[in-house]
Amino acid sequence: MDQPNATQQPEPDLASTQRDPEEESVHRALERYYRTGKPPWDTGVTPPELVALVEGHGALPPGRALELGCGTGTNAIYLARHGWEVAAVDLIDRAVDQARKKAAEAGVAVRLLHGDATRLDELDVPGPFDLFFDLSCYCGIPLHRRDAYAAGLTHRAAPGARLLMFGYGPEPSGNPAPEVTSWAAGVTADELRARFPGWELLDVTPGTNSVPTFWFTLRRDA
């Protein structure tokens with residue numbers, strides 16, 4: 001499938017998207033992770049949960065995929081190698097630059113965009129998409145922007161589209177407050193059911209991390 005050269009994508013004016021202190025705090029925290037070392041969610045290894053969805057029993061046929069919070073591109077590149085037409089978005093320009101370099105070295109076409117996953121209308125990702133992948137992006141989004149995230153995906157979802165999401169659960173009471181206030185909320189199945197009308201929550205599988213984490217699988221109504 002023909003895709004634009006990733007290096008030719010226009011960059012949105014992200015200064016306009018930093019609209020309140022909570023969003024600015026998220027941006028600063030994520031930027032610091034990539035500036036000072038490898039973020040814990042950007043391991044360079046594709047999770048087995050995504051591999052199972054793409055290659056396992058009853059695997060989805062290749063189609064169009066959008067990754068939210070793609071980091072340095074490990075999973076977007078994996079999807080492209082397995083026949084998917086892939087667009088991927090990350091808030092941190094340093095991460096996107098690394099992802100573009102990795103995609104070029106891998107010889108795969110991925111549309112890599114520097115932007116805000118809660119403001120997809122500002123980016124060139126019209127959809128429809130058959131698969132959305134989110135590796136701990138949603139749970140890092142301030143609560144007041146999560147409805148916009150859900151609406152953006154819903155607007156771009158093909159009938160029957162899947163959303164595979166990894167997220168941290170709520171911070172246990174008594175633990176030290178996280179760097180960003182909204183991160184303490186994490187993500188729960190009940191929240192996803194409320195914020196994603198028109199989707200069915202198919203599965204919730206606990207992660208193997210030392211803190212509460214979950215894999216959520218949702219399907220857009222046909």
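Helices (H or I, at least four residues) and strands (E, at least two) are DSSP runs, numbered from the N terminus. Keep that in mind as you click through this predicted model, where local features need pLDDT of at least 70, side-chain atom pairs count only at pLDDT 80 or more, and totals for chains, interfaces and linings use all residues. Residues are numbered from 1 along each chain as its sequence is written, and side-chain values use heavy atoms, with hydrogens and water left out.

**Stop 1: the whole chain**

Show the protein chain as a cartoon. It has 6 helices and 7 strands. From the N terminus on, they run α-α-β-α-β-α-β-β-α-β-α-β-β. The radius of gyration (taken over C-alpha atoms) is 16 Å, close to the 17 Å that the globule rule gives for 222 residues, so the chain is as compact as a globular protein of that length. The globule rule is 2.2 Å times the number of residues to the power 0.38. Now turn the model. Along its principal axes the C-alpha trace spans about 50 × 35 × 30 Å.

How much of the chain is buried? Buried residues make up 52% of the 222 residues. Buried means under 20% relative accessible area, exposed over 50%, and partly exposed in between (1.4 Å probe, protein chains only).

Contact means heavy atoms within 4.5 Å. Among contacts between residues at least 6 apart in sequence, 69% join residues at least 24 apart.

**Stop 2: the annotated stretch**

Select residues 66-149. An unreviewed UniProt entry annotates them as "domain: Methyltransferase". UniProt positions are given in the numbering used here, feature names are shortened, and annotations may be inferred rather than shown by experiment. This stretch is 31% helix and 25% strand. Its end C-alpha atoms are 13 Å apart.

**Stop 3: helix H5**

Select residues 146-156, which form helix H5. Which residues of H5 are buried? They are Arg146, Tyr149, Ala150, Gly152, Leu153, Thr154 and Arg156. An α-helix has 3.6 residues a turn, so residues three or four places apart point the same way.

Now colour what covers the buried residues of H5. The cover includes strands S1 (64-68), S4 (129-135), S5 (157-168), S6 (199-206) and S7 (213-220). Helix H6 (189-195) is also part of the cover.

**Stop 4: the loops on either side of S4**

Select proline 128. Proline 128 is in the loop between strand S3 (110-114) and S4. A cis peptide bond joins glycine 127 and proline 128, with omega about 0°.

Next, select serine 136, in the loop between S4 and H5. Serine 136 has a positive phi of about 65° although it is not a glycine. Is serine 136 buried or exposed? Serine 136 is buried, with a relative accessible area of 13%. Leaving aside neighbours within four places in sequence, serine 136 is in contact with Trp41, Phe166 and Tyr168.

**Stop 5: alanine 161**

Move to alanine 161 in strand S5. Alanine 161 counts as buried, at 1% relative accessibility. What does alanine 161 contact, neighbours within four places in sequence aside? Show Phe129, Asp130, Phe132, Trp199, Leu218, Arg219 and Arg220.

**Stop 6: threonine 205**

Threonine 205 is in strand S6. At 34% relative accessibility, threonine 205 counts as partly exposed. Not counting residues up to four places away in sequence, threonine 205 touches Thr213, Phe214 and Trp215.

**Stop 7: alanine 222**

Finish with alanine 222, in the segment after S7. Alanine 222 counts as exposed, at 95% relative accessibility. Residues up to four places away in sequence aside, alanine 222 touches Pro159 and Gly160. Alanine 222 and valine 51 are 171 residues apart in sequence. From C-alpha to C-alpha, they are 24 Å apart.
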